[in-house]
Amino acid sequence: LHTIKKEPVLNRDNKLISSLIENAKAGNNSAFEQLYRLNVGRVYAVCLRLFANLRFSEETTRKVFETVIEEINFKRDDFSFTGWVTGIAVHLTLSEMRGNEIYKETDKERESLRVKSVLLSNTDKFIVTLPENIRVPFVLHYIEKYSIEETADLMGVSQVEVTKSIKEAFSNLMGKL
Amino acid sequence: MDHSKIKYYLPDFLEQILPDEEYIEIERHINNCNDCNEYYFRLRGLIAKVEELPAKIDPPTDLWEDLFKIILKKKNYEEEGGESRMKSINEKSSRKKGFSFKDLFKKK
(Lines give C-alpha, C1' and ligand atoms only; values in the text may rest on other atoms or scores of the structure.)
Protein backbone atom coordinates (compact mmCIF):
# COMPACT_ATOMS: atom_id res chain seq x y z
CA LEU A 1 0.00 0.00 0.00
CA HIS A 2 1.20 3.46 -0.83
CA THR A 3 0.19 6.79 0.58
CA ILE A 4 0.57 10.13 -1.15
CA LYS A 5 3.22 12.67 -0.22
CA LYS A 6 2.97 16.20 -1.54
CA GLU A 7 5.86 17.83 -3.37
CA PRO A 8 7.43 20.80 -1.61
CA VAL A 9 6.69 24.10 -3.31
CA LEU A 10 9.74 25.95 -4.66
CA ASN A 11 10.01 29.37 -3.10
CA ARG A 12 12.96 30.81 -4.98
CA ASP A 13 13.13 32.29 -8.48
CA ASN A 14 15.80 31.28 -10.97
CA LYS A 15 18.22 33.87 -12.35
CA LEU A 16 16.10 34.68 -15.41
CA ILE A 17 12.96 35.40 -13.36
CA SER A 18 14.92 37.36 -10.74
CA SER A 19 16.38 39.50 -13.48
CA LEU A 20 12.94 40.03 -15.10
CA ILE A 21 11.58 41.11 -11.70
CA GLU A 22 14.42 43.59 -11.17
CA ASN A 23 13.96 45.00 -14.69
CA ALA A 24 10.19 45.26 -14.22
CA LYS A 25 10.75 47.12 -10.94
CA ALA A 26 13.02 49.51 -12.83
CA GLY A 27 10.17 50.23 -15.26
CA ASN A 28 11.07 47.90 -18.13
CA ASN A 29 7.75 47.13 -19.85
CA SER A 30 9.14 44.22 -21.83
CA ALA A 31 10.23 42.50 -18.58
CA PHE A 32 6.70 43.00 -17.23
CA GLU A 33 5.24 41.52 -20.37
CA GLN A 34 7.44 38.43 -20.09
CA LEU A 35 6.46 37.96 -16.44
CA TYR A 36 2.82 38.31 -17.47
CA ARG A 37 3.13 35.79 -20.31
CA LEU A 38 4.94 33.28 -18.10
CA ASN A 39 2.29 33.46 -15.37
CA VAL A 40 -1.07 34.37 -16.92
CA GLY A 41 -2.01 30.73 -17.54
CA ARG A 42 -1.21 29.83 -13.93
CA VAL A 43 -3.31 32.72 -12.58
CA TYR A 44 -6.21 31.99 -14.93
CA ALA A 45 -6.18 28.30 -13.96
CA VAL A 46 -6.48 29.20 -10.26
CA CYS A 47 -9.30 31.69 -10.90
CA LEU A 48 -11.19 29.37 -13.26
CA ARG A 49 -11.09 26.33 -10.99
CA LEU A 50 -12.19 28.35 -7.95
CA PHE A 51 -14.80 30.50 -9.70
CA ALA A 52 -16.08 28.06 -12.36
CA ASN A 53 -17.12 31.24 -14.15
CA LEU A 54 -15.54 32.54 -17.38
CA ARG A 55 -16.29 36.24 -16.96
CA PHE A 56 -15.20 36.52 -13.33
CA SER A 57 -12.09 34.42 -13.93
CA GLU A 58 -10.94 36.78 -16.68
CA GLU A 59 -11.79 39.90 -14.68
CA THR A 60 -9.97 38.61 -11.62
CA THR A 61 -6.93 37.55 -13.68
CA ARG A 62 -6.76 41.14 -14.90
CA LYS A 63 -7.05 42.43 -11.30
CA VAL A 64 -4.25 40.10 -10.17
CA PHE A 65 -1.86 41.58 -12.75
CA GLU A 66 -3.02 45.11 -11.93
CA THR A 67 -2.00 44.36 -8.33
CA VAL A 68 1.32 42.97 -9.56
CA ILE A 69 1.97 46.16 -11.56
CA GLU A 70 1.09 48.34 -8.58
CA GLU A 71 2.90 46.35 -5.93
CA ILE A 72 5.86 44.60 -7.53
CA ASN A 73 8.22 46.65 -5.34
CA PHE A 74 6.58 45.07 -2.30
CA LYS A 75 6.90 41.45 -3.45
CA ARG A 76 8.31 39.44 -0.57
CA ASP A 77 11.74 37.99 -1.40
CA ASP A 78 10.97 34.63 0.20
CA PHE A 79 8.19 33.89 -2.33
CA SER A 80 8.84 32.80 -5.90
CA PHE A 81 7.19 35.14 -8.40
CA THR A 82 4.74 32.41 -9.45
CA GLY A 83 3.97 31.58 -5.81
CA TRP A 84 3.40 35.26 -5.13
CA VAL A 85 1.00 35.86 -8.04
CA THR A 86 -0.79 32.59 -7.26
CA GLY A 87 -1.28 33.79 -3.67
CA ILE A 88 -2.68 37.10 -4.94
CA ALA A 89 -4.99 35.17 -7.31
CA VAL A 90 -6.33 32.96 -4.50
CA HIS A 91 -6.95 35.89 -2.15
CA LEU A 92 -8.56 38.11 -4.79
CA THR A 93 -10.76 35.28 -6.10
CA LEU A 94 -12.02 34.35 -2.63
CA SER A 95 -12.58 38.01 -1.84
CA GLU A 96 -14.64 38.46 -5.05
CA MET A 97 -16.62 35.28 -4.34
CA ARG A 98 -17.51 36.57 -0.89
CA GLY A 99 -18.17 40.20 -1.74
CA ASN A 100 -19.27 40.57 -5.37
CA GLU A 101 -23.05 40.80 -5.46
CA ILE A 102 -23.24 40.23 -9.23
CA TYR A 103 -21.23 37.01 -8.90
CA LYS A 104 -23.38 35.84 -5.99
CA GLU A 105 -26.49 36.26 -8.13
CA THR A 106 -25.19 34.38 -11.19
CA ASP A 107 -26.66 31.02 -12.14
CA LYS A 108 -23.65 29.00 -10.97
CA GLU A 109 -24.78 25.71 -12.46
CA ARG A 110 -25.25 27.22 -15.92
CA GLU A 111 -21.92 29.07 -15.69
CA SER A 112 -20.05 25.91 -14.69
CA LEU A 113 -21.44 24.15 -17.77
CA ARG A 114 -20.05 26.97 -19.95
CA VAL A 115 -16.66 26.58 -18.25
CA LYS A 116 -16.85 22.80 -18.73
CA SER A 117 -17.21 23.30 -22.46
CA VAL A 118 -13.88 25.17 -22.75
CA LEU A 119 -11.79 22.86 -20.58
CA LEU A 120 -9.65 20.13 -22.08
CA SER A 121 -9.14 17.79 -19.14
CA ASN A 122 -12.02 15.50 -18.14
CA THR A 123 -10.97 15.75 -14.50
CA ASP A 124 -11.19 19.55 -14.70
CA LYS A 125 -14.61 19.30 -16.38
CA PHE A 126 -15.95 17.33 -13.40
CA ILE A 127 -14.24 19.54 -10.81
CA VAL A 128 -15.80 22.76 -12.13
CA THR A 129 -19.28 21.23 -11.95
CA LEU A 130 -18.91 20.42 -8.23
CA PRO A 131 -21.01 22.70 -6.01
CA GLU A 132 -19.01 25.75 -4.91
CA ASN A 133 -18.97 24.84 -1.19
CA ILE A 134 -17.14 21.57 -1.88
CA ARG A 135 -15.20 22.63 -5.00
CA VAL A 136 -13.32 25.53 -3.36
CA PRO A 137 -11.77 23.55 -0.46
CA PHE A 138 -10.98 20.68 -2.84
CA VAL A 139 -9.18 23.00 -5.28
CA LEU A 140 -7.31 24.85 -2.53
CA HIS A 141 -6.15 21.69 -0.76
CA TYR A 142 -5.66 19.13 -3.53
CA ILE A 143 -4.67 21.32 -6.48
CA GLU A 144 -3.15 24.43 -4.92
CA LYS A 145 -1.60 22.41 -2.05
CA TYR A 146 -2.75 24.57 0.83
CA SER A 147 -2.87 22.60 4.09
CA ILE A 148 -6.25 21.87 5.69
CA GLU A 149 -5.47 24.57 8.27
CA GLU A 150 -4.56 27.16 5.61
CA THR A 151 -7.62 26.23 3.53
CA ALA A 152 -9.89 26.66 6.56
CA ASP A 153 -8.28 29.99 7.34
CA LEU A 154 -8.56 31.24 3.75
CA MET A 155 -12.22 30.25 3.61
CA GLY A 156 -13.06 31.44 7.12
CA VAL A 157 -14.51 28.05 8.12
CA SER A 158 -13.44 25.29 10.53
CA GLN A 159 -10.93 22.58 9.61
CA VAL A 160 -13.63 19.96 10.30
CA GLU A 161 -15.84 21.65 7.72
CA VAL A 162 -13.00 21.66 5.16
CA THR A 163 -12.25 17.97 5.71
CA LYS A 164 -15.94 17.10 5.40
CA SER A 165 -16.31 19.11 2.17
CA ILE A 166 -13.23 17.50 0.64
CA LYS A 167 -14.61 14.02 1.39
CA GLU A 168 -17.90 15.03 -0.21
CA ALA A 169 -16.00 16.24 -3.27
CA PHE A 170 -14.18 12.90 -3.50
CA SER A 171 -17.36 10.94 -3.14
CA ASN A 172 -18.99 13.11 -5.84
CA LEU A 173 -16.01 12.75 -8.21
CA MET A 174 -15.70 8.99 -7.62
CA GLY A 175 -19.20 8.61 -8.99
CA LYS A 176 -18.28 10.51 -12.15
CA LEU A 177 -14.72 9.55 -13.04
CA MET B 1 -15.08 0.31 11.27
CA ASP B 2 -17.64 -0.73 8.64
CA HIS B 3 -17.12 -0.45 4.87
CA SER B 4 -18.68 3.00 4.53
CA LYS B 5 -16.51 4.41 7.34
CA ILE B 6 -13.40 2.88 5.77
CA LYS B 7 -14.25 4.57 2.45
CA TYR B 8 -14.97 7.84 4.24
CA TYR B 9 -11.54 7.86 5.88
CA LEU B 10 -9.57 6.67 2.85
CA PRO B 11 -8.61 10.22 1.70
CA ASP B 12 -7.18 10.83 5.22
CA PHE B 13 -5.44 7.46 5.07
CA LEU B 14 -3.79 8.43 1.78
CA GLU B 15 -2.72 11.77 3.22
CA GLN B 16 -1.27 10.02 6.28
CA ILE B 17 -3.14 12.22 8.70
CA LEU B 18 -4.85 9.48 10.72
CA PRO B 19 -3.78 8.32 14.19
CA ASP B 20 -1.66 5.13 14.02
CA GLU B 21 -4.42 2.88 15.37
CA GLU B 22 -6.94 3.91 12.69
CA TYR B 23 -4.29 3.83 9.99
CA ILE B 24 -3.43 0.22 10.84
CA GLU B 25 -7.11 -0.76 11.03
CA ILE B 26 -7.80 0.68 7.56
CA GLU B 27 -4.66 -0.88 6.11
CA ARG B 28 -5.73 -4.30 7.41
CA HIS B 29 -9.27 -3.85 6.16
CA ILE B 30 -8.35 -2.89 2.61
CA ASN B 31 -5.94 -5.80 2.43
CA ASN B 32 -8.78 -8.19 3.27
CA CYS B 33 -11.84 -6.60 1.64
CA ASN B 34 -12.14 -6.73 -2.15
CA ASP B 35 -14.74 -3.98 -2.35
CA CYS B 36 -12.80 -1.48 -0.22
CA ASN B 37 -9.55 -2.48 -1.89
CA GLU B 38 -11.03 -1.67 -5.28
CA TYR B 39 -12.36 1.63 -3.94
CA TYR B 40 -8.90 2.42 -2.53
CA PHE B 41 -7.26 1.92 -5.94
CA ARG B 42 -9.95 3.96 -7.70
CA LEU B 43 -9.41 6.77 -5.20
CA ARG B 44 -5.67 6.62 -5.77
CA GLY B 45 -6.32 6.80 -9.50
CA LEU B 46 -8.52 9.84 -9.02
CA ILE B 47 -5.90 11.60 -6.87
CA ALA B 48 -3.27 10.80 -9.52
CA LYS B 49 -5.49 12.43 -12.17
CA VAL B 50 -5.90 15.52 -9.97
CA GLU B 51 -2.12 15.67 -9.43
CA GLU B 52 -1.63 15.56 -13.21
CA LEU B 53 -3.93 18.50 -13.94
CA PRO B 54 -2.23 21.23 -15.97
CA ALA B 55 -0.83 24.02 -13.81
CA LYS B 56 -1.74 26.53 -16.53
CA ILE B 57 -4.89 27.22 -18.55
CA ASP B 58 -4.68 29.92 -21.20
CA PRO B 59 -7.33 32.64 -20.93
CA PRO B 60 -9.44 33.16 -24.08
CA THR B 61 -8.28 36.75 -24.51
CA ASP B 62 -4.89 38.44 -24.24
CA LEU B 63 -5.01 40.94 -21.38
CA TRP B 64 -1.59 42.46 -22.04
CA GLU B 65 -2.76 45.51 -24.00
CA ASP B 66 -5.05 46.61 -21.15
CA LEU B 67 -2.33 45.97 -18.60
CA PHE B 68 0.19 47.95 -20.63
CA LYS B 69 -2.15 50.95 -20.48
CA ILE B 70 -2.27 50.56 -16.70
CA ILE B 71 1.54 50.53 -16.52
CA LEU B 72 1.67 53.79 -18.49
CA LYS B 73 -0.99 55.35 -16.23
CA LYS B 74 0.94 54.26 -13.15
CA LYS B 75 4.14 55.83 -14.49
CA ASN B 76 2.34 59.13 -15.06
CA TYR B 77 0.72 58.94 -11.63
CA GLU B 78 4.04 58.31 -9.89
CA GLU B 79 5.71 61.10 -11.82
CA GLU B 80 3.05 63.39 -10.41
CA GLY B 81 3.95 62.22 -6.87
CA GLY B 82 1.15 59.66 -6.24
CA GLU B 83 1.44 56.84 -3.68
CA SER B 84 1.02 53.11 -4.19
CA ARG B 85 -2.12 51.12 -3.36
CA MET B 86 -0.54 49.51 -0.30
CA LYS B 87 -3.00 51.37 1.93
CA SER B 88 -5.99 49.76 0.26
CA ILE B 89 -4.34 46.35 0.52
CA ASN B 90 -3.87 46.87 4.27
CA GLU B 91 -7.52 47.83 4.55
CA LYS B 92 -8.68 44.87 2.45
CA SER B 93 -6.82 42.46 4.69
CA SER B 94 -9.14 42.30 7.67
CA ARG B 95 -8.29 38.76 8.81
CA LYS B 96 -6.78 38.84 12.28
CA LYS B 97 -5.08 35.44 12.30
CA GLY B 98 -3.52 33.09 9.79
CA PHE B 99 -2.12 34.02 6.41
CA SER B 100 -3.63 37.28 5.22
CA PHE B 101 -3.51 39.06 1.88
CA LYS B 102 -1.08 41.66 3.20
CA ASP B 103 1.32 38.88 4.25
CA LEU B 104 2.08 38.51 0.54
CA PHE B 105 3.74 41.92 0.53
CA LYS B 106 6.76 43.47 2.20
CA LYS B 107 6.00 46.00 4.92
CA LYS B 108 6.16 49.52 3.61
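A polar contact is taken here as a pair of N or O atoms within 3.5 Å, of which, within protein, one must be able to donate a hydrogen and the other to accept it. In this predicted model, 17 residue pairs are in polar contact between chain B and chain A, with both residues of each pair at pLDDT 80 or more. The count of salt bridges between chain B and chain A is four, and a salt bridge also joins the side chains of Arg62(A) and Asp66(B), with an N to O distance of 2.3 Å.

On the side of chain B that touches chain A, at least two residues are supplied by each of α1 (3–15), α2 (20–32), α3 (34–51), α4 (64–79) and α5 (86–92) of chain B. The largest share of this side, 10 residues, comes from α3(B). Sorted by class, the side of chain B that touches chain A comprises 32 nonpolar, six polar and 20 charged residues. Taken as a whole, the contact involves 58 residues from chain B and 60 residues from chain A, and the two chains bury about 5,800 Å² between them, with 63% of that area on carbon and sulfur atoms.

Within chain A, Asp124(A) is placed in helix α7, which spans residues 122–128. Asp124(A) counts as buried because its relative accessibility is 1%, whereas the cut-off for a buried residue is under 20%. The side chain of Asp124(A) is joined to that of Arg49(A) by a polar contact of 2.8 Å. When residues up to four places away in sequence are not counted, Asp124(A) touches Arg49(A) and Leu119(A) in chain A, together with Leu53(B), Pro54(B) and Ile57(B) in chain B.

Note on methods. Residues numbered from 1 in each chain as written. Chains lettered and ligands numbered in written order. Predicted model: local features only at pLDDT ≥ 70, side-chain atom pairs only at ≥ 80, totals over all residues. Heavy atoms only, no water. Helix = DSSP H or I, 4+ residues; strand = E, 2+ residues; numbered from the N terminus. Buried < 20%, exposed > 50% of the residue type's maximum accessible area, 1.4 Å probe, protein only. Contact = heavy atoms within 4.5 Å. Buried area = accessible area lost by both parts, 1.4 Å probe. Nonpolar A, V, L, I, M, F, W, Y, C, P; charged D, E, K, R; others polar.
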